[in-house]
Amino acid sequence: MTNKKESILAAALERFANEGYNAVSTSKIALQAGVSEGLIFRHFENKRGLLDAIMADAEQRIGQVLAPIVFETDPVKAIQKYIELPFSIHPETYDYWRLQFKLKWEHEFYNPQKMQPLIDKLTWAFGELGYPDPQTEARLLDQLVEAVSVGILREGRENQLPLLQLLLTKYKV
């Protein structure tokens with residue numbers, strides 16, 4: 001990948017993550033990347049193509065982060081890994097995660113099935129541990145971890161550490 005293409009992707013990621021996809025023009029991205037707007041269209045065809053390129057990279061990153069949980073065979077460890085997940089994300093990738101959360105509110109990009117393998121894994125784990133309603137417990141934990149994740153992206157890890165300890169204690173992991 002060329003330096004200019006990388007600059008375009010980096011500028012677009014930062015803008016999309018912090019301002020929202022629909023609020024950012026390709027001219028703003030070009031200005032920040034130090035390239036012509038035409039170069040964006042040459043590399044990515046249109047703004048949606050640019051977002052698609054970012055999302056392809058994000059999907060790969062998400063898959064790498066979630067794989068250790070999805071393939072965990074010990075139910076206690078699967079739950080523990082999921083609770084600890086937001087604390088293992090490197091700050092330099094926060095814009096990828098901010099973008100994921102922003103796109104959840106964009107109707108055309110919302111895909112609730114994206115996280116289904118993770119919910120299925122948590123449901124399995126809670127079932128193995130004898131929880132009376134494993135599916136609801138999995139959904140609850142997912143919502144709690146999502147809230148902690150948003151807190152980390154807004155305020156940093158340190159402010160969320162008490163919640164980490166609370167969840168680890170609550171689920172006895």
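Q: Which helices each supply at least two residues of the lining of the largest pocket?
A: Helices H4, H5 (75-88), H6 (94-103), H7 (116-128) and H8 (134-155) do. Helices here are DSSP runs of H or I with at least four residues, numbered from the N terminus. A pocket is an open set of points on a 1 Å grid over the protein atoms alone, where a 1.4 Å probe fits and protein lies on both sides within 12 Å along at least five of seven lines. Lining residues have an atom within 4 Å of a point.

Q: What should I know about the model and the numbering?
A: This is a predicted model, where local features need pLDDT of at least 70, side-chain atom pairs count only at pLDDT 80 or more, and totals for chains, interfaces and linings use all residues. Residues are numbered from 1 along each chain as its sequence is written, and side-chain values use heavy atoms, with hydrogens and water left out.

Q: Back to the largest pocket. How much space lies in it?
A: About 1,100 Å³. That volume is the space filled by probe spheres set on the grid points, which are joined across faces, edges and corners.

Q: Where does the largest share of the lining come from?
A: From H8, with twelve residues.

Q: How do the lining residues divide into nonpolar, polar and charged?
A: There are 23 nonpolar, six polar and eight charged. Ala, Val, Leu, Ile, Met, Phe, Trp, Tyr, Cys and Pro count as nonpolar, Asp, Glu, Lys and Arg as charged, and the others, Gly among them, as polar.

Q: How many residues of H6 are buried?
A: Eight of the ten, so H6 is largely enclosed by the rest of the structure. Buried means under 20% relative accessible area, exposed over 50%, and partly exposed in between (1.4 Å probe, protein chains only).

Q: Which ones are the buried residues of H6?
A: Tyr94, Asp95, Tyr96, Trp97, Leu99, Gln100, Phe101 and Leu103.

Q: What covers them?
A: The cover includes helix H1 (3-19), H4 and H8.

Q: New topic. How many aromatic pairs does the structure hold?
A: Four. Rings of Phe, Tyr and Trp (its six-membered ring) pair if their centres lie within 6.5 Å; planes under 30 degrees apart count as stacked, over 60 as edge-to-face and the rest as tilted. One of the pairs is Phe126 with Tyr131, edge-to-face at 4.7 Å centre to centre and 70° between the planes.

Q: What pair do Tyr131 and Tyr171 form?
A: A tilted one, 6.4 Å centre to centre with 35° between the planes. Tyr131 is in the loop between H7 and H8 and Tyr171 is in the segment after helix H9 (161-170), so this pair ties together parts that are 40 residues apart in sequence. Ring pairs link Phe126, Tyr131 and Tyr171 into a cluster.

Q: Is Phe126 buried or exposed?
A: Buried, at 0% relative accessibility. Tyr171 is buried too, at 4%. Tyr131 is partly exposed, at 24%.

Q: What lies over the face of Tyr171?
A: Lys170, at 4.9 Å from the ring centre. The charged end of Lys121 likewise sits over the ring of Trp124, 4.3 Å from its centre. A charge sits over a ring if NZ of Lys or CZ of Arg is within 6 Å of the ring centre and within 35 degrees of the ring normal.

Q: Where is Lys47?
A: In helix H4 (residues 47-70). Lys47 is buried because its relative accessible area is 18%.

Q: What does Lys47 touch?
A: Phe16, Tyr21, Asn22, Val24 and Thr26, leaving out residues up to four places away in sequence. Contact means heavy atoms within 4.5 Å.

Q: And what does Leu167 touch?
A: Ile83, Leu141, Leu144 and Val148, again not counting residues up to four places away in sequence. Leu167 is in helix H9 and is buried at 7% relative accessibility. Leu167 and Leu141 are 26 residues apart in sequence and 8.7 Å apart in space, C-alpha to C-alpha.

Q: Backbone now. What is the phi of Glu45?
A: About 75°, positive although Glu45 is not a glycine. Glu45 is in the loop between helix H3 (37-44) and H4, and is exposed at 65% relative accessibility.

Q: What about phi of Lys172?
A: Near 55°, a positive value in a residue other than glycine. Lys172 is in the segment after H9. Lys172 counts as exposed, at 73% relative accessibility.
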